[in-house]
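This report goes through selected sheets, helix contacts and backbone features of one model. The sequence and structure come next.

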Amino acid sequence: MKLDLTYSEAAQACGGTLTRGAGTDRFDVIVTDSRQAKPGTVFLALAGKVHDAHKFLPQAVSAGADGIIVRRGTADLPARSPAHMIETDDTLRALQNLAAWHRGRFDLKIAAVTGSNGKSTTKEMLRAIFTAAGTTCASKGNLNNQYGVPLSLFELTRDDRYAAFELGASQEGDIDEIARLVRPDIGIITNVSPAHLEFFHDTETVYRTKTELANHINPGGTLVYNLDNRYLRRLKTQYGRPALSFGTDAAADFRPAARTGGFTIAGPGISLEINRILPAHNLLNACGAAAAAWRLGIGPELIKRGLEEFTPMPMRLQLEEKKGALFILDAYNANPASMQAALSALFEGEYRHPLVAVLGDMKELGEQSAVLHRELGQWLSAKKPDMVFLAGPEILPALEPLEKSGLKVQYAPDYRTLLDSIRQSLSAGGTCLVKASRAMGFEAIFQEF
């Protein structure tokens with residue numbers, strides 16, 4: 001991060017008042033974690049529902065922070081240090097306003113990606129393509145919410161020609177809140193499916209939230225969406241601005257097809273042969289990334305290079321050989337659509353038998369949790385895996401349809417009870433998918449081998 005801001009600029013941009021220090025003094029780095037505070041940094045104290053970082057002002061000051069941004073009227077402020085202080089009515093809004101102002105300092109091409117599944121992978125594909133074309137900034141890890149997106153925007157510099165940011169949501173209005181900061185030239189919606197229903201309540205609300213992105217695309221920009229998705233296909237007739245679709249549907253603008261040793265992407269005036277094997281659902285993500293890059297004027301050879309070189313994020317269909325078995329670790333998150341996508345990758349990937357699925361709870365499904373877990377069991381029953389292990393309290397409804405189908409299945413409330421059986425099932429090799437919501441900590445199963 002190298003913001004190169006004066007305190008006066010920062011105060012004006014974030015809607016605050018500089019109440020201590022010289023406005024002409026400059027700084028480069030803003031932190032929101034007091035443990036990251038050090039000389040030369042500015043500590044911005046966020047007040048969340050559970051934690052209020054204003055309690056950590058003494059630690060930030062002791063660590064040498066050069067400045068602080070605080071809620072107006074905060075009690076027990078440091079008397080003399082740090083040297084600079086900006087007071088504002090709402091520190092989260094200040095963080096976002098400052099990030100939006102910083103984004104506006106630069107002339108570059110920006111893509112923003114949202115969706116129930118696949119947004120991180122699509123963002124990483126875009127990062128790889130953009131990097132092949134020029135200096136690129138992209139969000140790191142899971143900095144995709146109302147706190148993380150501003151921090152990602154702060155990484156923009158004058159050298160960047162392209163940027164790719166991931167936008168996440170857990171309730172209606174979230175995408176509206178953060179997409180206004182990014183103001184992308186290209187907006188990509190990977191799909192809409194049941195996810196975070198504990199907060200969204202139904203998939204229609206998920207659809208409304210994800211499509212909030214379309215309201216913040218820059219004039220002259222383009223929306224890119226998945227035509228295969230039964231919710232997003234409405235955009236073909238309902239969205240009145242320039243758009244590109246991708247999918248296996250014959251009417252899609254960009255279409256993937258698997259081939260020996262890789263896959264192809266066909267689009268208007270473009271045909272790509274990618275020498276890399278990807279799971280079926282990642283072919284769609286690749287199409288979305290290719291469509292976005294093409295619309296931004298990036299040539300076919302650079303798109304091809306990026307898709308062949310991109311590195312998936314950890315715990316997202318991560319492949320690793322262990323003890324003679326191939327593990328597919330996809331334990332970063334889980335909802336019905338991503339479960340089916342990961343299982344389809346196991347069954348369609350021509351992997352070594354036995355095909356073993358170790359599955360855990362899909363969290364945040366609210367009142368529909370039992371129904372959606374049962375439907376997963378019914379869907380999986382028709383796929384005929386060699387062995388299924390289920391662990392967790394919420395996935396229990398999937399057990400009955402699997403047992404009725406005659407499949408080999410074991411259930412336990414805690415995955416640790418199943419470890420010996422999992423080892424035995426893979427004693428002669430095979431392929432094991434490990435998939436659950438992040439809260440289940442299923443990467444520990446992977447680490448056991």
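## Sheets, helix packing and loops

Helix H11 lies across strands S15 and S16, running at about 30° to S16. This is a predicted model, in which local features need pLDDT of at least 70 and side-chain atom pairs count only at pLDDT 80 or more, while totals for chains, interfaces and linings use all residues. Residues are numbered from 1 along each chain as its sequence is written, and side-chain values use heavy atoms, with hydrogens and water left out. Helices (H or I, at least four residues) and strands (E, at least two) are DSSP runs, numbered from the N terminus.

**The three-stranded sheet.** S15 and S16 belong to an open sheet of three strands, in the order S14-S15-S16 with antiparallel pairing; two strands pair if DSSP finds at least two bridges between them. Strand S14 (255–259) and S16 are at the edges with a single partner strand each, so one side of each has no neighbour in the sheet. From one strand to the next, the twist averages 15°.

Strand S15 (residues 262–267) and S16 run antiparallel and are joined by five bridges. Alanine 266 has serine 271 in S16 as its bridge partner, and threonine 264 stands opposite glutamate 273 in S16. The two strands form a hairpin with two residues between them, and glycine 269 in the turn has a positive phi of about 75°.

**H4 against H11.** Helix H4 (residues 119–133) packs with H11 (residues 300–309) at an angle of about 130°, the axes being 8 Å apart. H4 is therefore oblique to H11. Angles under 35 degrees count as roughly parallel, over 145 as roughly antiparallel, 65 to 115 as roughly perpendicular and the rest as oblique. Axes are lines fitted to C-alpha atoms, for helices over the stretch in contact, and angles run from 0 to 180 degrees between N-to-C directions. From H4, the contact (heavy atoms within 4.5 Å) uses Met125, Ala128, Ile129, Ala132 and Ala133; from H11, it uses Leu302, Ile303, Arg305, Gly306 and Leu307.

**The six-stranded sheet.** A parallel open sheet has six strands in the order S9-S10-S8-S11-S12-S13. Strand S9 (136–138) and strand S13 (243–246) are its edge strands, each pairing on one side only. Strand S12 (residues 222–226) pairs with S13 in the parallel sense over four bridges, and tyrosine 225 stands opposite serine 245 in S13. Helix H10 (residues 280–295) packs on this sheet, touching strand S11 (186–189), S12 and S13, and its direction makes about 155° with that of S13.

| Residue | Phi | Relative accessible area |
|---|---|---|
| Lysine 323 | near 50° | 69%, exposed |
| Glutamate 364 | about 60° | 29%, partly exposed |

Lysine 323 is in the loop between strand S17 (318–322) and strand S18 (325–330). Glutamate 364 is in the loop between S19 and helix H13 (369–381). The peptide bond from histidine 353 to proline 354 is cis, with omega near 0°. Proline 354 is placed in the loop between helix H12 (336–348) and strand S19 (355–360).

Methods:
Buried < 20%, exposed > 50% of the residue type's maximum accessible area, 1.4 Å probe, protein only.
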